[in-house]
Amino acid sequence: MTTSTTTGSTATGSAATGAATDPRPRFGDLLAAEWIRFRSLRPMPWVLGAGALVLVAVNLNAARYTYQHTGPDGPPPGSGYVGVAVNVSFTGMSANLLMLLAGGVGAAVIVGEYTTGMIRTTFAAVPDRRAVLLAKAGVLAVVMLGFGVLVSGVSFGLAQALLGRRHAGVSLADPGVLHAVAGAAALAPVCALIGFGLGTLVRHAAASVVTTVLVLFLLPASFNEDHRWSAAIAHAMPFTAWRRLAEADPTHVLQPPYPATVTGSWLAFAGWAVASVLAAAAVAHRRDV
Amino acid sequence: MSALVRCAARPSGGTVDGMIEVHRLTKRYGRTTAVDDLTFTVHPGQVTGFLGPNGAGKSTALRLILGLIEPTGGTATVGGRPFRERPRGLRHVGALLDAGDVHGGRSGRAHLWALARGNALPRGRVDAVLEEVGLAGAAGRRIAGYSLGMKQRLGIAAALLGDPPVLLFDEPLNGLDPEGVRWVRGLFRRLAAEGRTVFVSSHLMSEMEHTADRLVVIGRGRLIAAETVTEFAARGAGPDGARPGASVRTTEPGALADVLTAAGAAVAPGDGEGALVVTGLDAARIGALALDHRIPLLELTARTASLEEAFMALTADRVDHPAGGAR
């Protein structure tokens, strides 16, 4: 390793001039920086790529099963095929896998910074910690929304192409179909932000994954829909909210006494996302690093 | 962009821009006091060594200055403002706290580029600092594969990115080879000569002896000394430091030893024929006593206490974890 003292004058100025000419801080710079950080982590493209393939495969397998069990003349009238066609293009199984993957990626983005000590370097470079956390969350949300749109869209397209050969397919224009596809796509950023928020609170790799699993999977299971109050809590959970959005045609489904609403489900998604980011920003702002 | 355009050299030193002012700074963790009522000032245009034994609170103090941890009491400002009030930091303070404070999964170049981008610094700065620290060839490799010395160089590169008036380094010489140590010393001297404030912590006096102009010495979180290196070295021979001494060679070592011992000195045999090592009397007094007793002296050399001795003497009772201490 050779070092040259003559190059010094190009890397450092001849006087301490920086402080006098600080440009106006722009949030866009932080977003750009966090985008560089996100994509420069070597495992990230692999995790997301492999995850997308698995999710699409799980959904396609369900569509194939329906295809095989539908006669060449199509489904019988009044059988509620719309609901089935939507359900097999994004199954509960792949919703669970997506939640796990997105929550893990969200936690990894921030926990990786805390466990390595990188967070000190980051905060020393940008003392406005809340802005840093918002930028990280913003990049995470956009990337995971893209991931969700890709997985949900490709799954839907392939499933309907297959079912269409049995006259059992639906299109995005059919009632309720769009919010089902969009709900599956939005599940990814929402769960990623929940993982991000919990990761910021816990700051420990294994512990934050466990916490994320508890919040995403165990918490919803603790509330039934028999009472108005517990139904309200249950409907506010990300998985339950997704399940309601995925019901394109509720007329053929046995409804509980206090059914969830589409609007309420979108609000639940938004509430989790916003609360997670605000909690992360508030905690990081106050806590010593 | 305009921030990076090089201006003609400004008159160096004296500006409040680069001053680090620490006032009654205190940080407690439960019942442990890591930093205890510290007050000192670090000036531009100089290399200031920040010395203390392991666990003295140096790293805590540096993190307090950077606003990474909140003080229990007191204030720390850089250029007259608490560092945390600045939305972006790299143009104001460049810091290397711990070379390990990086994400090993990224390349060195991506690490620096993200830091630069967040502070609206142009991409050219990344290549410039990589070249400066000698990491240009390894910039595309994952940081996890870097040696400690390479991580130190990467940390120094990050500190230089924003061309800041103030630079903080916590134990920057750890893991560097002798050539690297020489380079870092030269770099610190040059940064100070450019009018910057350079504040460098170390637990080894010898690292600072030929690099620093001033010293801030702490022990157990408290300030022990804040003065020039010369003043600090003089303490070694002073009443509150190690005792003065001299090496002496004579034709009559036995007689001289008796005389000096009678005068209150400790005398030990030195290297070679008739040589003695005297502690507790200075050279002038030894010469006078020899003359009085008509003992011929062949050599008389005042032993000026080294900085290391001064440091050891001052911090001996402030070490938290002395080796071989009471169980």
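Among contacts in chain B between residues at least 6 apart in sequence, what percentage join residues at least 24 apart? The share is 71%. This is a predicted model. Chain B holds 10 helices and 13 strands. Of its 327 residues, 49% are buried.

**Sheet in chain B**

- Strands β2, β1 and β4 of chain B line up in that order as an open sheet of three strands.
- Pairing in this sheet is antiparallel.
- β2 (32–42) and β4 (73–78) of chain B are the edge strands, each pairing on one side only.
- On average, neighbouring strands of the sheet are turned by 20° against each other, direction ignored.
- Seven bridges link β1(B), residues 20–29, to β2(B) in the antiparallel sense.
- Arg28(B) has Thr33(B) in β2(B) as its bridge partner.

**Helix on the sheet**

- Helix α1 of chain B, residues 58–65, packs on this sheet.
- The helix touches β1, β2 and β4 of chain B.
- The direction of α1(B) makes about 115° with that of β1(B).

**Helix pair in chain A**

- A packed helix pair is described by the angle between the two axes and the distance between them.
- For α3 (residues 43–68) and α4 (residues 81–89) of chain A, the angle is about 150° and the axes are 7 Å apart.
- From α3(A), the contact involves Asn59(A), Ala62(A), Ala63(A) and Thr66(A).
- These meet Val84(A), Val88(A) and Ser89(A) in α4(A).
- By type, the residues of this contact are four nonpolar, three polar and no charged.

Conventions
Residues are numbered from 1 along each chain as its sequence is written. Chains are lettered from A and ligands numbered from 1 in the order in which they are written. This is a predicted model: local features need pLDDT of at least 70, side-chain atom pairs count only at pLDDT 80 or more; totals for chains, interfaces and linings use all residues. Two strands pair if DSSP finds at least two bridges between them. Helices (H or I, at least four residues) and strands (E, at least two) are DSSP runs, numbered from the N terminus. Axes are lines fitted to C-alpha atoms, for helices over the stretch in contact, and angles run from 0 to 180 degrees between N-to-C directions. Two residues are in contact if their C-beta atoms, placed from the backbone, lie within 7 Å. A residue is buried if 20 or more other C-beta atoms lie within 10 Å of its own, exposed if 12 or fewer, and partly exposed in between; C-beta atoms are placed from the backbone. Ala, Val, Leu, Ile, Met, Phe, Trp, Tyr, Cys and Pro count as nonpolar, Asp, Glu, Lys and Arg as charged, and the others, Gly among them, as polar.
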